[in-house]
Amino acid sequence: MSGDQSEVPTKSKVSRRRRSGGRATRREARLHAPIIHRPTLVREIPVYELLDAEGVALVHETAMTILEEIGIDFIDDEALDLWKDAGADVSGTLVRIPRELVMSLIEQAPPEFTLHARNPDRTVRIGGRNMIFHPNGGAYLCDLEGVRRRAVKADLPTIVKLVHCLAPIHVTTGWPSIDLSDIPVPLQHLDQIYCPLRYSDKPICSNLYSRDASEDAIEMCRIVFGTDFVDSNTVTTGLANCNSPLKWDGTMLEGAKIFARAGQAVIFCPFVIYGASTPPHQLGAVAQVTAESLAGVAFAQLVRPGAPALFANAPMGVSMKSGAPTLGVPETSQLIYLTGQMARHYKLPWRVLGPVSGSKIVDYCAGNDAALRAYSATLSGANWISHSCGSLEGAMQFNFAKMVHDAELMEACTVFAKGLNYSDIDVVVQMLRDRGDDSHFLGADYTRENLPFLPELQDNETHDTWVANGSKDGYARGLEAARRLLDRYADIEPALDPAIDEALLAHMKKRERELV
Amino acid sequence: MADDDIDLQALNDEDLVAQMHDDLYDGLKDEIEEGVRILLERGWESYDILTKALVEGMRIVGIDFREGILFVPEVLMSANAMKGGMAILRPLLAESNAPPMGKMVIGTVKGDIHDIGKNLVAMMMEGAGFEVIDIGINIPAEDYLAALEEHQPDILGMSALLTTTMPYMKVVIDTLQEKGVRSDYVVLVGGAPLNEAFAESVGADAYCRDAATTVEIAKEFMARRQGSAESRIREKVG
Ligand code: B1M
């Protein structure tokens, strides 16, 4: 399984055979391979682009027309004042933004930035050729016993611990991973910020869904990272979804302002249902999304020039038989590629929704949706792939077994994005020359030292071998793997300074009293 | 066979009603309005036009929607055609003593701005002949109450898509309870994260898993309401 693989294989010439320590060493290495958290993935493959230059110009022109002539609603008085002062045409809540204004604002947004983790080794880079994977969740949890239910407070540490053990997943999350049904709504965010800070040392994402949640996220990050550090560095990222078509809602804007003002990153994401919240036209839909997301990124610059902000799109489709969101459909892949091109056109870091499925269980539909979306996101050059593990039911369910399966899929995408090995061709030619009577290269030193990707959660054995191993389906294998990984958490649990932990808990206690 | 040039006037009543069923199916608003006017001219009772031509036509649309033969945009066209016919009939129905089709106030609860599903439900309900007052998103209890007061509907519909906002449905229902008006309304709730057990726990009358089911459930409750209203009248008279 993905977490157990020691290193993304790097190709090398064959080295001399040495004593390796025999069985004991090999068994230890294979059975208890260290979990090596992946650093930021730097893409070495070309991106897949569907638009020619004319296409990019058309989408841009259409987006500018939308911004200048149709306008976007900003349901927030302060936002409207900021736009007015900046020279936009504001009438009621409708803001029409001249193209020169929007372009000059987005130029202030950093094309790349660093998202710091409390352990500097886990710090990641957002933008450019960098790619990172981040999980999200939903309303229901499908737990380690395979029971679909509402999550409770006690589940969140388990979720965060599992994400911590998933080597290919760069960022951890307390939110919006899952809401905790036994905690009053106004207090939930406290655990959702605490758990990722406490149980993982990967970078975190946090909730900007309300003023309290946004302020507590920043405050608790200050406790962990230090106030000065937070003031001049990005240590968390929040997600603001646009209420497409063409509306930025007050709740989201309030949170976005708090984050931007504190120098923390905001993902400005139209979470669109293609054909429902956009017209069913690929270029037109991306023009709409471009206008919406650019307006968000530009707004962040009004709040604080230079504020890190992500361009984004989270495209879903719609079943015209019911209105239900669909995931692994061809148009969503097209939208993913088009959004990537536009992000690069504007030199903005960008986020996309990854391997989510509409399926209720871990089945063919889940695998199909996940694979299509994961590879589309990878080939599109997305900098930030969210919902990158565990998401089912159109992001309504967070599933432990799928978390591990998706992590393996994201590991495969990692290997894919790292590109090709252009050296060693001479070795290969030599292997062909030296093949002798062998009909294969399985025994070659070069093969031993350059093991291809090993999908451990897929079962590719013969039928009888599969039966002998217990006839387990993918879901059962995923659940087992999740349990095995969680058993290993204790070995890699990142320590948190007890004084910091105490300060976090004290802050939470205080806020619990204030917020109830 | 599709034929654009049918002269509705030339059809006898039976053929005209059958044609109206097809025109509803095809979402032809002008033709439905014309059909309604012709039947009125021919002396039909507004209630008969409603039930035999429109509601029956939409019942057929509903079946094919559930079976996956008709698609959402097509059903919305049908619903729009139905609305056209209803607009003509509504004042006449109000004057007659025909049993009402039903009225619903619907909105997405406080803190929640998801409305695609709610809008779909509202349109399907209108398509089935209900009068729908959509009060929008992010609705606090007092606004629900004010709308109930103002419009006197049979049904209160609430939608929520967030687990953090769905508990608010209980706040609204408890407020109805406190004001002593809970039993005046059928309370229907829906939204992807809800389920039967949740609806029961907040004291709603029913959970509606999708738009088509909502229509069915609403019709059932209207039938029951009319049944109990009639029996109340009978009790009083007797
Ligand atoms: C009688 O009354 C009735 C009867 C039946 C009723 C009824 C009322 N209401 C519904 N029904 C039923 O009939 C309808 C038709 O068949 C059905 O309606 P549905 O609404 O289920 O179905 C629609 C036809 C299609 N479905 C939808 O429209 C919802 C799809 C998903 C993807 C979704 C969308 C589109 C959006 N979102 Co939101 N969104 C998700 C949703 C995930 C999902 N798979 O559901 C969900 C619900 N969102 C979520 C979140 C977190 C959020 N969203 C947010 C915002 C948005 C958008 C604005 C981007 C957009 C909504 C646009 C709009 N105008 O509605 C934010 C909250 C905003 C707010 N304050 O409400 C934000 C907080 C994200 C953010 N940080 O910005 C998640 C909730 C998690 C949880 N714990 O509950 C979520 C599950 C996705 C996820 N995992 O992120 C039935 O449920």
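User: Where is B:H114 found?

Analyst: B:H114 is found in the loop between β1 (103-108) and α5 of chain B. Helices (H or I, at least four residues) and strands (E, at least two) are DSSP runs, numbered from the N terminus. This is a predicted model, in which local features need pLDDT of at least 70, side-chain atom pairs count only at pLDDT 80 or more, and totals for chains, interfaces and linings use all residues. Residues are numbered from 1 along each chain as its sequence is written, chains are lettered from A and ligands numbered from 1 in the order in which they are written, and side-chain values use heavy atoms, with hydrogens and water left out.

User: Which protein donor does the cobalt atom of the ligand have?

Analyst: A single one, B:H114 (NE2), 2.2 Å away. Donors are N, O and S atoms within 2.8 Å of the metal (3.2 Å for Na, K and Ca); water is not among the atoms, so sites may look incomplete.

User: And the ligand, where does it lie?

Analyst: Between chains A and B. There are 46 residues around the ligand, and A:G394, A:A395, B:H114, B:D115 and B:S159 come nearest. A residue counts as near if one of its heavy atoms lies within 4 Å of the molecule or strand.

User: Which element gives the most to that shell?

Analyst: α5(B), with four residues. The shell divides into 24 nonpolar, 16 polar and six charged residues. Here Ala, Val, Leu, Ile, Met, Phe, Trp, Tyr, Cys and Pro count as nonpolar, Asp, Glu, Lys and Arg as charged, and the others, Gly among them, as polar.

User: What lies 2.7 Å from an oxygen atom of the ligand?

Analyst: A backbone N or O atom of B:D115. On the chain A side, an N or O atom in the side chain of A:N243 is 3.0 Å from a nitrogen atom of the ligand. Both are polar contacts (pairs of N or O atoms within 3.5 Å; within protein, one must be able to donate a hydrogen and the other to accept it, and residues adjacent in sequence count only if both atoms are side-chain atoms).

User: Switching topic. How many salt bridges over all chains?

Analyst: The count is 42, taking a side-chain nitrogen of Lys or Arg within 4 Å of a carboxyl oxygen of Asp or Glu. One of them joins the side chains of A:K257 and A:D76 (2.9 Å, N to O).

User: What does that pair tie together?

Analyst: A:K257 lies in helix α9 (residues 250-261) of chain A and A:D76 in the loop between β2 (72-74) and α3 (77-86) of chain A, so the pair ties together parts 181 residues apart in sequence.
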